[in-house]
Amino acid sequence: MSVRDNYTMINIREYLALGTDEEVGEPALVRLLSDFSCPKNPDVEYFLKKNAIEFTKKNQSVTYLVFSNDESELIGYFSIALKPLTVRGETVSNTVKRKLLRISELDEKSQTYTMSAYLIAQLGKNFTEGRNNKITGGEMLEMAWSVIEEMQYMGGGMVVFLEANNDMKLLKYYNDNRFSQFDTRQTTSKDQEPHELVQLLRLL
């Protein structure tokens, strides 16, 4: 059974295309997003409520809402973007380097590969009233991956990456889903606390 038999994805552009219609347009979308809760990762909740709409309008990323088919409840979301990515050759295998050469520019001096890549920018479940129990993280990731595969079919590319908190359980989860660490990055959360993100990639 396909994941999509149990869940429905909606690109928030569908709401935005209906303008200021109170019932189905942007105001309805804002009310829908206000009910999202993710206490395990406040940055995921903050992005959806404060940035997702504007980022989509500006074509910085596109957010997809995931609903349960049984009760049509918002149970999660993910956001996808196209981003420039630089990978240091020393961090990946020779097999990956050969594949990266097809779609990247190699800087011989620094041995870095620069390319456009698909970024899974956000991925989170809605903990309101226990809705997080209606879908697994693996199913959420599978839905995001299916969207990226459609994008690749239309426009090419072969690299997907994401950034995750440096948490052993979380990193094992992504490794089990064929993502490999290639670097780290320092960032700040919405409360301006600095922390390290682990960067992982997977080839299409």
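Student: What does buried mean here?

Tutor: Relative accessible area decides, computed with a 1.4 Å probe on protein chains only. Over 50% is exposed, and the range in between is partly exposed. Buried means under 20%.

This is a predicted model: local features need pLDDT of at least 70, side-chain atom pairs count only at pLDDT 80 or more, and totals for chains, interfaces and linings use all residues. Residues are numbered from 1 along each chain as its sequence is written, and side-chain values use heavy atoms, with hydrogens and water left out.

Student: Is F78 buried or exposed?

Tutor: The relative accessibility of F78 is 0%. Buried means under 20%. So F78 counts as buried.

Student: How many aromatic pairs does the structure hold?

Tutor: Rings of Phe, Tyr and Trp (its six-membered ring) pair if their centres lie within 6.5 Å. Planes under 30 degrees apart count as stacked, over 60 as edge-to-face and the rest as tilted. The structure holds six.

Student: How many residues apart in sequence are the parts that Y64 and F78 tie together?

Tutor: Y64 and F78 form a stacked pair, 5.2 Å centre to centre with 15 degrees between the planes. Strands are DSSP runs (E, at least two residues), numbered from the N terminus. Y64 lies in strand β2 (residues 62-68) and F78 in strand β3 (residues 74-88), so the parts tied together are 14 residues apart.

Student: Which residue has its charged end over the ring of W145?

Tutor: A charge sits over a ring if NZ of Lys or CZ of Arg is within 6 Å of the ring centre and within 35 degrees of the ring normal. W145 forms one aromatic cluster with Y173, Y174 and F179. At 3.8 Å from the ring centre of W145 sits the charged end of R202.

Conventions
Helix = DSSP H or I, 4+ residues; strand = E, 2+ residues; numbered from the N terminus.
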